[in-house]
Amino acid sequence: MTTSPSSSAQAAREVVAGRLRDLRKGAGLTVTELAAGCGWHHAKTSRIENARTAPSTGDIRRWCRAAGAEALTEDLIAQSLHAESMYTEWRLQVRQGLAQLQNSSVAFFRQTELFRVYSSSLVPGLLQTEGYAAAVLAMSARFRELPVDDSAEAARARVERSRVIHERGHRFVLLIEEAVLHYRIGDADTMAAQLGQLLTIGALPAVSLGIIPTTAHREQWPRETFHVYDDSLVSIELTSARVRITQPSEIALYTKAFEELRQAAVYGAEARGLIVKAIDALGWPEHRAGR
């Protein structure tokens, strides 16, 4: 069973807050005395110790100096930065546009050897057509009320980024809930093209595409969509933020969940049959979907 990703990020913040609180108490300082030594209001000290406010690098330096623990400064800064990198609100990530967000991960994708993706909501980005990606990203732009909608450019960038799926040195294990095949994203043309692309990419040698039937006997209920990159990072996309998990014990929980979800999936001809069924449900001629 996986833990809540947002709870994991908060727990990391609380560890840092607890260490700072212990430093203050170890130095025999009250909340007010520590605040005076740092040059801020005592309420800020309380907010930091209760993990309601994340300390800046400067805050940690002042805190350690006031508590006579300057030797621990760099370690605490590193731990705090890691905790904050785990949970990043989308409003901060899209400030420079949706296209820039796609381009920012190109190098990382090329360095990753094994991609494991489980999706209960959308066709994974690695498999999206430009039309489907544009529809998804346009929804995101509207929902987040972005001042500039660059979803068309972002869709092209996403497709370009996904060319990694054709490059040597990578493996892709992708799981999709059957319901994803029937969620109407964009118009019928968009969905037909996207489903046709699944038939094509699912046949690539480096790709294992599994679909979990709605009628499958399962050991895991549908989970939040998550991506596992090698064994070093899990990325989860929430409504408000993206959570990045690097703690080995937590990564192990997600890989365990992934393997149990894999057991409920069908592959090859059976998976193809479910995709064809979804195409037929569109009422679309076979040749229009690339069959």
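Guide: Take Cys64: its closest cysteine sulfur, in Cys38, lies 9.0 Å away, too far for a bond. This is a predicted model, where local features need pLDDT of at least 70 and side-chain atom pairs pLDDT 80 or more, while totals for chains, interfaces and linings use all residues. Residues are numbered from 1 along each chain as its sequence is written, and side-chain values use heavy atoms, with hydrogens and water left out.

Visitor: How many disulfides does the structure hold?

Guide: It holds 0 disulfides, a disulfide being a pair of cysteine sulfur atoms within 2.5 Å.

Visitor: Is Cys64 buried or exposed? And Cys38, buried or exposed?

Guide: Cys64 is buried, with 0% relative accessibility. Cys38 is buried too, at 7%. Buried means under 20% relative accessible area, exposed over 50%, and partly exposed in between (1.4 Å probe, protein chains only).

Visitor: Helices now. How do helix 11 and helix 13 cross?

Guide: The axes of helix 11 (residues 188–201) and helix 13 (residues 268–281) come within 9 Å and cross at roughly 165°, so the two helices are roughly antiparallel. Angles over 145 degrees count that way, under 35 as roughly parallel, 65 to 115 as roughly perpendicular and the rest as oblique.

Visitor: Which residues make the contact?

Guide: Helix 11 contributes Leu195, Gly196, Leu198 and Leu199, and helix 13 contributes Arg272, Ile275, Val276, Ala278 and Ile279. Contact means heavy atoms within 4.5 Å.

Visitor: What kinds of residue are those?

Guide: The contact has 7 nonpolar residues, 1 polar and 1 charged. Gly counts as polar and Arg as charged here.

Technical notes: Axes are lines fitted to C-alpha atoms, for helices over the stretch in contact, and angles run from 0 to 180 degrees between N-to-C directions. Helices (H or I, at least four residues) and strands (E, at least two) are DSSP runs, numbered from the N terminus.
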